[in-house]
Amino acid sequence: MKPALLPEFKTHPTVFAVGGEYQIMVPVKNDVLFWVTVGDKAYYDHSNGILRSATWLHKVTVPMDELDKAGAYTVHYRKIIERLPYFSTTEDPVEQEYTFRPLTGGKEIKMFHLSDTHGKFDAPAGAAAYLGDEMDLLILNGDIPDHSGIIENFNLIYELGGELTCGQIPCIFSRGNHDTRGICAENLADYTPTDKGLSYFTIRLGPVWALLVDCGEDKPDEHAAYGHTTCFHAYREEQTRWLEKVCASEEYKAESKHICI
């Protein structure tokens, strides 16, 4: 059943898989304090112990095994009335429970892959709706916005993720080459799931283990289109060193015997 959309949420949350954790992310309309509970444990959107409110996008990280086991999580927020050095005031908390269905072995996995939607919502959302409630995993594989020239373009990631998953199944996001274009591209890591700011990482989802890599742009850094604003060759070299470490790890040796994408 599709849950109700809370008044301060622009969309339903999207539960992104990164490594062995989930990053629950949701865009909001006004300044709120945001946290998530899984069972009796609370996980907060904070900056070194200070709950964040001056943002339109909230993110909370929860352990994958805890959410998989619980099969549900609850989102909470308090709308800010006035944030002051002393005696800040907020509204009463609002909450909404979301059931969650993790990937499990022993059955066919139904996933839908979207890429190069380039700012469009209706057509890609309509295509992905083909699987309906049978969808197990959504993949948003780059160039979801048309470019990163304005920060508002990032909203489409959550409009599609929230509409198609309703915060109830996992999602994988990767950056595309058009996402690297525009003044806000340097801020993309603040508005998308990353591994401590890096856009490449491994993912474990039930029986699926994946490597997510990010090659950046599709032309040399010297190309005139970039105007001396990229260093993707060095970034790919950095990833090569990371891949060498991953392929030498015990994790890779064990997981490469199973399903990899």
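## Cysteines

A disulfide is a pair of cysteine sulfur atoms within 2.5 Å. In this predicted model, the number of disulfides is zero. Cys-166 illustrates the point: the closest cysteine sulfur to its own belongs to Cys-171 and lies 12 Å away, which is too far for a bond.

Cys-166 is buried, its relative accessible area being 8%. Cys-247, with a relative accessible area of 37%, is partly exposed. Cys-166 also has a backbone feature, a positive phi of about 50 degrees, and its place is just after helix H3.

## Helix H3

Helix H3 spans residues 155-165. Nine of its eleven residues are buried, so the helix is largely enclosed by the rest of the structure. The buried positions are Asn-155, Leu-156, Ile-157, Tyr-158, Leu-160, Gly-161, Gly-162, Leu-164 and Thr-165.

Lys-2 belongs to the segment before strand S1 (14-18), so the bridge ties helix H3 to a part of the chain 161 residues away in sequence. Lys-2 is partly exposed as well, at 47% relative accessibility.

## Other salt bridges

The salt-bridge count for the structure is ten. Side chains of opposite charge can pair when their charged atoms come close. One of the bridges joins the side chains of Lys-110 and Glu-134, at 2.7 Å from N to O. Lys-110 sits in the loop between strand S10 (94-99) and strand S11 (111-114), while Glu-134 sits in the loop between helix H2 (122-128) and strand S12, so this pair ties together parts 24 residues apart in sequence. Both partners are partly exposed: Lys-110 has a relative accessible area of 28%, and Glu-134 has one of 46%.

Another bridge is made by Lys-219 and Asp-218, whose closest N and O atoms are 2.9 Å apart. Lys-219 is partly exposed, with a relative accessible area of 26%. Salt bridges link Lys-219 and Asp-218 with Arg-181 and Glu-217 in a network.

## His-147 and its surroundings

His-147 is located in the loop that runs between strand S12 (137-141) and helix H3. This histidine is partly exposed, at 33% relative accessibility. Its side chain reaches the backbone nitrogen of Gly-149 at 2.8 Å.

With neighbours up to four places away in sequence set aside, the contacts of His-147 are Asn-153, His-178 and Arg-181. Among these, Arg-181 is also a member of the salt-bridge network described above.

## Aromatic residues

Twelve aromatic pairs are found in the whole structure. In one of them, the ring centres of Trp-56 and Tyr-191 are 5.2 Å apart and the planes make an angle of 20 degrees, so the pair is stacked. This pair links distant parts of the chain, 135 residues apart: Trp-56 is in the loop between strand S6 (50-51) and strand S7 (57-63), and Tyr-191 is in the loop between strand S13 (170-174) and strand S14 (201-205). Trp-56 is buried at 19% relative accessibility, and Tyr-191 is buried at 17%.

Tyr-200, Phe-232, Tyr-235 and Trp-242 form a cluster linked by ring pairs. A contact between a charge and a ring involves Lys-41, whose charged end sits over the ring of Tyr-43 at 5.8 Å from the ring centre.

## Thr-74 in strand S8

Thr-74 is part of strand S8, which covers residues 72-82. At 13% relative accessibility, Thr-74 is buried. Residues up to four places away in sequence aside, Thr-74 touches Trp-35, Val-36 and Thr-37, along with Glu-95, Gln-96 and Glu-97.

Technical notes. Residues numbered from 1 in each chain as written. Predicted model: local features only at pLDDT ≥ 70, side-chain atom pairs only at ≥ 80, totals over all residues. Heavy atoms only, no water. Helix = DSSP H or I, 4+ residues; strand = E, 2+ residues; numbered from the N terminus. Buried < 20%, exposed > 50% of the residue type's maximum accessible area, 1.4 Å probe, protein only. Contact = heavy atoms within 4.5 Å. Polar contact = N/O pair within 3.5 Å; in protein donor to acceptor, adjacent residues only side chain to side chain. Phe/Tyr/Trp six-rings, centres within 6.5 Å; stacked < 30°, edge-to-face > 60°. Lys NZ or Arg CZ within 6 Å of the ring centre and 35° of its normal. Salt bridge = Lys/Arg side-chain N within 4 Å of Asp/Glu carboxyl O.
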